[in-house]
Amino acid sequence: MTSGQLSVSPPPPPPIPSQRDPLVGVALLGIAAIYVRALAFTPIEARQGAAQKIMYIHATSAFIALYVAFVLMAIASALYLWLKDEKLDRVAESAAEVGLCFTTVVLVTGPIWGKTIWGAWWTWDARLTATLFLWFIILAYLLLRGAVEERGRRARYSAVLGILASFLVPFIHLSVYLFRTLHPMPILLKPSSPSLPNEMLVTFLLSFAAFTLLFIALLRLRYRIATLRDYVADREQERA
Amino acid sequence: MQAEGLVRTFGGRRAVDGVSFTLHAGDCLALFGPNGAGKTTLLRMLAGLLAPGQGTVRVNGVPVKEGAAARAQVGLVSHASMLYGVLTARENVEFAARLYGLPDPSGAAMRALELMRVEDRADAAARTLSRGLQQRVSIARAMVHAPKLLLCDEPYTGLDDAGSAALTAALTERREGGAALLLVTHNLAEGLVLATQAAIMRRGRFVRHEARELLDVRVYQAQYRELAAAHD
Amino acid sequence: MLAAAWLVARKDLAIEFRTRTAFLSALVFALLGVTIFYFAWDATAVAAADLAPGVLWVIFTFAGLLGLQRSFGSELADRAVDGLLGAPISREAIYLGKALANLVFVMGILVVTIPAVVLFYNLPLGAGIGALAGIAALAAVGLVAVGTLFSAMAVNTRMAELLLPMLSLPFFVPVVMAAAQSSARLMAGRPVAEAWPWLRILVAFDIVFVTACTLAFPFTLDE
């Protein structure tokens, strides 16, 4: 009588993240250091005053959220549909969640800056609006993942959404910018001047490096959590 | 029809674990096995509804998964009726006939309904029919395009005596017309009436598979009961 | 493939007209919405005619969603979708057929809603209405392309009614924006050149997403 044993022995457990991933600590330290430099050692911008300092968080987060997190999610989605490797799905998932955090930071710091400079919490500024839509898109992605229980189907659906979203973003940018150029904003002020004095530029670049580090650290952490979760789910199903 | 090395995994579990067999025209394989053995998954792979993780299914040499043309030769009767409740029995079967590109869809639909003795309810909405009548319409639907390979997943469930007789007659006619049949059933007696081969599936594998003449019915009965009881 | 798609579309429309409840509900919703919006605005501050395009597109979006919700429901009920998948038709044909049926549904709603808006909001009749209808058709194509795909996914989840809007609305944004902007301009009698950038966006959206969704559809099936 065939016993129906699985012909494959279970794979070894993935590495469990130790108490604290050192990379996260380094990244956070880096960000703190940047801020000390930004606040104490970088000159105050002439027109905007001290409020401009928030741009070191705001602008870099925005850049990372869109160009790193979202692009990573879109590429991982496309590759998943092609290669069907679960790891890619986990990368997409992690990139989306961490990306959502960064986007939220942008949406919070933006109005704070805006209130100080423009006197209004929210204006339909092109960049901020586009970021808002990006936030909605990533949120929809995560909600979709939450609604589908079966792992294979969840990966497929999210991948489809990820790819379609990457087609959508250019359209959103196009529409929003076209909309804005025809509707002048209440007060016209450019958020960052085109040529920055050296010290500010350096601070910007360092801030960018620190935030990228943070992103990678968080991504890695989230990825490990996803791997563990899937591993546990697999073992449970085998026992069933 | 040729199935080779079929494997299908769901999550961490192998629902179908290495199944291979061949059916020629006029063959009828009666497949028995406890619930959860993987019979439905196997049938869905053979019908082209599910992609095998490994292995291939070919009908007349053409792989069923890519080839839409290969699917034209296959008919499936499954647990669910696959009917549109709001449409009438006739409309359901006619739609299927059109999907398969038949030259005379309404005629073919009527003939299929007559075959299963439901022609008098042809214009009733499918959802108003009893479960047994729906089953008959579903079977008519599966046969309307005269498939060379008929896959039936517990087709006798819900049928009364008249329905069962109609089904057996229809299946016999198809088999004599050169079709291959695969019959999944819990009813040993009915299954063996038509069968030229018999098999028992357990935990994704064929644990027994032999020609009709060679099998000992009592052994099958005992084995089957034992397997069904022992299934955890 | 087109013949198969047309078959599927015809079947869907036959089902829809057999019961008519979904269509009539969406229609009533649209008409009620149009009237409620009229009273929600201060008519002395904003002329009704200026308000009209905005109202039309908002109502269009939500009535469209109502129509899209029912798109795949009939397929799941008794696994009728297996009948489609087992047939010798391509997966893309299934998608196109469904989308076509949805398009007819949405256009049907528009055929009643646009005259209603013209009537209630005192829009001047003339060439502007023709342009409006054309833009509505383009917008409907984009709406239906994306909505049909997401409806195929949402129907398999627990929270289908909530999920479909959540997924679709971000995608409707460029469509609605482009449609509203171009129609507002054309109806105000502005030169076509002003509306042209928006129309280009609308057409580009339609082309990109009809293609992308058709290609993506097979991935939403459990195979």
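Colleague: Which residues of helix 3 of chain B meet helix 5 of chain B?

Modeller: A89(B), N92(B), V93(B) and A96(B) do, and their partners in helix 5 of chain B are V137(B), A140(B) and R141(B). "Meet" is contact, heavy atoms within 4.5 Å; helices are DSSP runs (H or I, at least four residues), numbered from the N terminus. The model is predicted, so local features need pLDDT of at least 70 and side-chain atom pairs 80 or more, while totals for chains, interfaces and linings use all residues. Residues count from 1 along each chain as written, chains are lettered from A and ligands numbered from 1 in written order, and side-chain values use heavy atoms, without hydrogens and water.

Colleague: What makes helix 3 of chain B roughly parallel to helix 5 of chain B?

Modeller: Their packing angle is about 20°, with axes 8 Å apart. Axes are lines fitted to C-alpha atoms over the stretch in contact, and angles run from 0 to 180 degrees between N-to-C directions. Under 35 degrees is roughly parallel (over 145 roughly antiparallel, 65 to 115 roughly perpendicular, the rest oblique), so this pair is roughly parallel.

Colleague: Why is the R158(C) and E149(A) pair called a salt bridge?

Modeller: The term needs a side-chain nitrogen of Lys or Arg within 4 Å of a carboxyl oxygen of Asp or Glu. Here the closest N and O atoms are 2.8 Å apart, so the pair qualifies. The count between chain A and chain C is one.

Colleague: How many residues touch across chains A and C?

Modeller: 29 of chain A contact 32 of chain C.

Definitions and conventions
Helix = DSSP H or I, 4+ residues; strand = E, 2+ residues; numbered from the N terminus.
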